Amino acid sequence: MLRHGVIHRYRKFMPVSEATRVITLNEGSTPMVPAYNLSALIHPRLEIWLKYEGLNPTGSFKDRGMTVAITKAVEEGFQAVCCASTGNTSASAAAYAARAGIKCAVLIPEGKIALGKLSQAMIHGARVIQIKGNFDDALRLVRDVAEKYPIALVNSVNPYRIEGQKSGAFEIVDDFQGVAPDFQAMPVGNAGNITAYWKGYKEYKAAGMAENLPRMLGFQAAGAAPIVLGHPVENPQTFATAIRIGNPASWKSAETARDESGGVIGMVTDHQIREAYELLARSEGVFAEPASAASVAGVVKLAESGFFDDVRPIASDHIRLVCILTGHGLKDPDSAIRVAEEPITIEAREEDVLDAIGLAEPALA
Ligand SMILES: *Cc1c(COP(=O)(O)O)cnc(C)c1O
């Protein structure tokens, strides 16, 4: 299928007109990968699918929202955009702003963003500003600046971001021929994405495009779990830097998604995230960044607690569950290298190679 980008693909549901100049990098239409090995490992009745959002143009789902946010910023006459970011928003904003030919400024927490993401914002020509504070501080600052100056804020508090991101839900339903999965699992940081998916599912059902709605499962990192704890976290900590957020902007609507869908927002430890991160890469060949693995970690945790044991699935005898893998593993190569086994170094000799592979003593012929 030709990829046209989410505005063209779902035009009826997008806030654009015939006259709108669409800024796109052909985002969306990402693969849904059946996770046979993970399913078998996690629960006998689970049928897990991986929505591989790392295959968007800048390597994360942020592109779905950014195409709409930048398109509308240009339509409204803005010459510049800004955002606060844990990394992927800045990478996406920088790329789409470059494509549109407008300026972009990004505020990031100093030293806390993955190298791949930083490199993207830099190479696309954004003004990259590191602040001595966390994401929540950065968001507060850009909100103030955008209120006072002619610069468009493209964080997920920008409603156009949500409009674009809801296309992920449309694609999942389309892939299952008009049936939503029983569950959708995803990481929750600033909570824009869970808000967007739930909006998408509801709109699609209202339009007669989906028979049913899924139950929404959101997961925060234990060191950055304000929604689970019921209060903001002053100094959020987790190695899953994309969800290192202590006071989510879309807190209320995340709770609405959970409650209306009969879902759960839970938390997983960094240890559980790290295990899921490796499990995903080793058992399915799918490399997602640490925050993305929180969705798998959460599903493992729920399965172990017996959560799925009595579930009656909608479409088949298996419980269909889609994990949103929000960003590509290559965004954060440092984490992979830290978690996985180190390469070994040997002399350039055949016997050393055989020894290293474990073929050193073949049976005598
Ligand atoms: C932005 C991001 C998240 C969190 O999404 P929110 O909409 O802030 O909840 C999760 N994973 C990755 C890879 C991200 O870039």
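On a 1 Å grid over the protein atoms alone, a cavity is a set of points where a 1.4 Å probe fits but cannot get out. The model on display is predicted: local features need pLDDT of at least 70, side-chain atom pairs count only at pLDDT 80 or more, and totals for chains, interfaces and linings use all residues. Residues are numbered from 1 along each chain as its sequence is written, and side-chain values use heavy atoms, with hydrogens and water left out.

Begin by selecting the ligand. The space that the ligand takes is the largest cavity. Around the ligand stand 16 residues, the closest being Lys 62, Asn 88, Gly 189, Asn 190 and Thr 326; a residue counts here if one of its heavy atoms lies within 4 Å.

Next, select Asn 88, whose side chain has an N or O atom 2.7 Å from an oxygen atom of the ligand. Then show the backbone of Asn 190, where a polar atom is 2.8 Å from an oxygen atom of the ligand. Taken alone, the ligand exposes 380 Å², and the protein buries 97% of that (areas by the Shrake-Rupley method with a 1.4 Å probe).

Leaving aside neighbours within four places in sequence, Ser 250 is in contact (heavy atoms within 4.5 Å) with Asn 190, Ala 191, Gly 192 and Thr 195. Ser 250 is found in the loop between α10 (226-229) and α11 (251-261).

Finally, select Asn 212, in the loop between α9 (192-206) and β8 (215-221). A polar atom of the Asn 212 side chain lies 2.9 Å from the backbone nitrogen of Ala 180.

Definitions and conventions. Helix = DSSP H or I, 4+ residues; strand = E, 2+ residues; numbered from the N terminus. Polar contact = N/O pair within 3.5 Å; in protein donor to acceptor, adjacent residues only side chain to side chain. 1 Å grid on protein atoms, 1.4 Å probe; cavity = no way out; pocket = protein on both sides within 12 Å on 5 of 7 lines; lining within 4 Å. Sits in = over half its atoms within 2 Å of the grid points.
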